[in-house]
Amino acid sequence: MKKYLIIVEKTDTGYSAYSPDLPGCGSTGGTKEEVEHNIQEAIRFHLEGLREEGYEIPEPSTYSSYINVAA
């Protein structure tokens with residue numbers, strides 16, 4: 001099992017999500033819970049497609065961090 005970072009962003013109509021380690025793989029949802037479920041399904045589907053086409057599965061390499069900045 002691999003652990004991929006996802007980025008979730010608020011939109012005018014709900015939420016969108018993507019994984020920086022998987023270009024072209026994204027999803028949307030009306031709630032935070034829905035978008036997280038949908039992106040998990042999208043990632044599974046994306047990885048399945050890569051396997052079927054004979055491509056290597058990308059290793060997770062991105063991470064998140066917060067920094068303090070005087071504002």
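1. Which residues is Ser 16 in contact with, leaving aside its neighbours within four places in sequence? They are Ile 7, Val 8, Glu 9, Thr 11, Ser 27, Thr 28 and Val 35. Contact means heavy atoms within 4.5 Å. Ser 16 is found in strand 2. Its relative accessible area is 18%, so Ser 16 is buried. The cut-offs are under 20% relative accessible area for buried, over 50% for exposed and partly exposed in between (1.4 Å probe, protein chains only).

2. Basis of the model. This is a predicted model, in which local features need pLDDT of at least 70, side-chain atom pairs count only at pLDDT 80 or more, and totals for chains, interfaces and linings use all residues. Residues are numbered from 1 along each chain as its sequence is written, and side-chain values use heavy atoms, with hydrogens and water left out.

3. Fold elements. From the N terminus, the order is β-β-β-α. Helices (H or I, at least four residues) and strands (E, at least two) are DSSP runs, numbered from the N terminus.

4. Overall dimensions. The radius of gyration of the protein chain is 14 Å, whereas a compact globule of 71 residues would have one near 11 Å. That radius is taken over C-alpha atoms, and the globule rule is 2.2 Å times the number of residues to the power 0.38. The C-alpha trace spans about 50 × 25 × 20 Å along its principal axes.

5. Of the 71 residues in the protein chain, 24% are buried. Among contacts with a separation of 6 or more, 31% join residues 24 or more positions apart.

6. Surface and charge. The protein chain exposes about 5700 Å², and carbon and sulfur atoms supply 51% of that area. Areas come from the Shrake-Rupley method with a 1.4 Å probe; for residues, only the protein chains shown count as cover. There are 6 positive and 12 negative side chains, with the centres of the two sets 6 Å apart. Lys and Arg count as positive, Asp and Glu as negative; His and the chain ends are not counted. Each charge is placed at NZ of Lys, CZ of Arg, CG of Asp or CD of Glu.

7. Nonpolar core. The largest nonpolar core has eleven residues, including Tyr 4, Leu 22, Cys 25 and Leu 50. Strand 2 (15-18) and helix 1 (32-52) are the elements that give two or more residues to this core. Helix 1 gives the largest share, six residues. Such a core is a set of buried Ala, Val, Leu, Ile, Met, Phe, Trp, Tyr and Cys residues joined through side-chain atoms within 4.5 Å.

8. Ser 19. This residue sits in the loop between strand 2 and strand 3 (26-29). Its relative accessibility is 2%, so Ser 19 counts as buried. Beyond neighbours within four places in sequence, Ser 19 is in contact with Tyr 4, Leu 5, Ile 6, Cys 25 and Ile 43. Ser 19 and Gln 40 are 21 residues apart in sequence and 9.9 Å apart in space, C-alpha to C-alpha.

9. Ser 27. Strand 3 holds Ser 27. At 16% relative accessibility, this residue also counts as buried. Not counting residues up to four places away in sequence, Ser 27 touches Tyr 15, Ser 16, Ala 17, Val 35, Asn 38, Ile 39 and Ala 42.
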